[in-house]
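Please keep the structure in view while reading.

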Amino acid sequence: MPQIAFVGSGPGDPSLVTVRAARLLREADVIIIDQVAREDFVAEFAREDVEIVDAGHGETGQPLTTASRAKLVVRTAKAAARTDGTTGLVVRLMDGDPATFSGLAEESLACHKADLAFEIVPGVSAVSAVPAYAGIPLVGNGARTIHVLSAADTKTDWSSAAAKDATAVVLGTAESVPAALAELLAAGRDAQTPVSLSTDGTTIRQETRVTTLGEVPAAVKAQPLSGAVVAVVGPVVDLREKLSWWETKPLFGWNVLVPRTKEQSGTMTDRLASHGASSDVVPTISVEPPRTPQQMERAIKGLVTGRYEWIGFTSANAVRAVREKFVEFGLDARAFAGLKVAAVGGVTAEALREWGLEPDLVPSGEQSAKGLLEEWPPYDDVLDPINRVFLPRADIATDTLVAGLQDMGWEVDDVTAYRTVRAAPPAPEVREAIKTGKFDAVCFTSSSTVRNLVGIAGKPHATTVIACIGPATAKTAEEHGLRVDVLASEPSAETLVDALADYGRGLALTAQENGERVRRPSERKASSRRKAKASR
């Protein structure tokens, strides 16, 4: 194991981190962060107890010099020595690819001089990744060579990239890139050469504008740049009009509110990201053990002794509650031998599979108590040796499933496995964002999420798109004075997000047909939204 690993963070999108890099970040005792890959980036991979050291900025807030960073890396690695004589793993997380304009040479040479073992883990470089996310291949459309240039390098020979069949990729800041492009123009590159300017590359905040080399100063003056900038100069930029794929996603740049617990929200947040959206998870309920555990404990013992023919799980929380009791009693999944297992839907079924259980029954149609009842077999006194069903559920669960099973001849032990209580209000800035329309959309997955969100945070703003998982949820939203814009065709989180994406496509298409700029819902004025509502 090396004492220090120089690891590339990639261009900005955490999903572009290499497998090796992710593993080292998980194992790291200390992580030295850079200027772009900061604490929030590290949090997706590292342990909670990891020590973070900032190599991006000094105590005054100014960026550290290369020499200062090299000294910091060596000092941190030496300080990671343990009392048993071993040394903890220090990850030096470097923006993009360590081998490209990162100071790797100076920092690794300093480690070599200090006799510190190290390794280098390449990362996806912004040089190729950001143009790719902008829909710009670096070779093609008449371009045959690639020149990678640092805008901050005062000794660059800009004439090397002046040929009309060359693609120049210029890396720098909002201040340095325009000046560097002026140097390229002065070196003889044609003023009509297409130029793309990308900021926040590969993230959902990516923004790319296209101009010509001669018009860069006017374009930047009209709309100033910010942060890190990747500029591409050459005929390949013209391909963006046909090949742009990232910034044209239906929910690109949207910030969507997901009122669910962090454990339940993974499927939705991943799906939203695939459509180009970011998401903020705001728990509206808190799951707690039942007030009296005796009923649950008797049911678990009955499960082991063969009291039940079926066990029916109506949520992933129910799976978690039973699993926790199993751990408490020293049991494992083998106790389900001979027992038939039902799951109300895909999310619940996946929670069972993570436990090593394959459900015998999952509704193929509607994933609800009604859908489960439609496929649950009636009790047969010849085929079924036992006539009893164990239903571990929430304290607020409806009687639909219990009544339906009883009508089919089953005896049901309806057991409170967990309680759902209203969560604490979110942070003041989140409540303010909800009320003032800073969220582009909110995805409601149940009536309780509607009631609880309004209760702890207030009603979403009139400009916020309201998406509901089914008719019952939509009815509750309307009862709370919300206008429902999106209704999922099937009651699943993935279908709900896909329906929201279809809505986003419709907004973009309408804007394009009207010759308008595509704007997110949070960018639209409330007055225009009221007019749209009145015209319906």
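Strand β11 (residues 255-258) runs parallel to β12 and is joined to β12 by 4 bridges. Helices (H or I, at least four residues) and strands (E, at least two) are DSSP runs, numbered from the N terminus. The model is predicted, so local features need pLDDT of at least 70 and side-chain atom pairs count only at pLDDT 80 or more, while totals for chains, interfaces and linings use all residues. Residues are numbered from 1 along each chain as its sequence is written, and side-chain values use heavy atoms, with hydrogens and water left out.

**The sheet**

- Val-256 stands opposite Ser-279 in β12.
- The open sheet has 5 strands in the order β12-β11-β18-β19-β20, with parallel pairing; two strands pair if DSSP finds at least two bridges between them.
- β12 (278-281) and β20 (486-487) are the edge strands, each pairing on one side only.
- Helix α17 (residues 471-479) packs on the sheet and touches β18 (441-444), β19 (465-468) and β20; contact means heavy atoms within 4.5 Å.
- The direction of α17 makes about 145° with that of β19, where axes are lines fitted to C-alpha atoms, for helices over the stretch in contact, and angles run from 0 to 180 degrees between N-to-C directions.
- Helix α18 (residues 493-513) also packs on the sheet, touching β11, β18, β19 and β20.

**The nonpolar cores**

- A nonpolar core is a set of buried Ala, Val, Leu, Ile, Met, Phe, Trp, Tyr and Cys residues joined through side-chain atoms within 4.5 Å; buried means under 20% relative accessible area, exposed over 50%, partly exposed in between (1.4 Å probe, protein chains only).
- The largest core has 27 residues, and those touching the most other members include Met-296, Phe-313 and Val-322.
- Helix α11 gives the largest share of this core, 6 residues.
- Beyond its neighbours within four places in sequence, Val-322 contacts Met-296, Ile-300, Phe-313, Phe-336, Trp-355 and Pro-392.
- Another core, of 21 residues, lies apart from it; Trp-254 and Tyr-503 are among its members.

**Helix α6**

- In α6 (residues 176-186), the buried residues include Val-177, Leu-181 and Leu-184.
- Among the elements covering the buried residues of α6 are β7 (166-173) and α7 (216-222).
- Gly-188, which follows α6, has a positive phi, near 115°.
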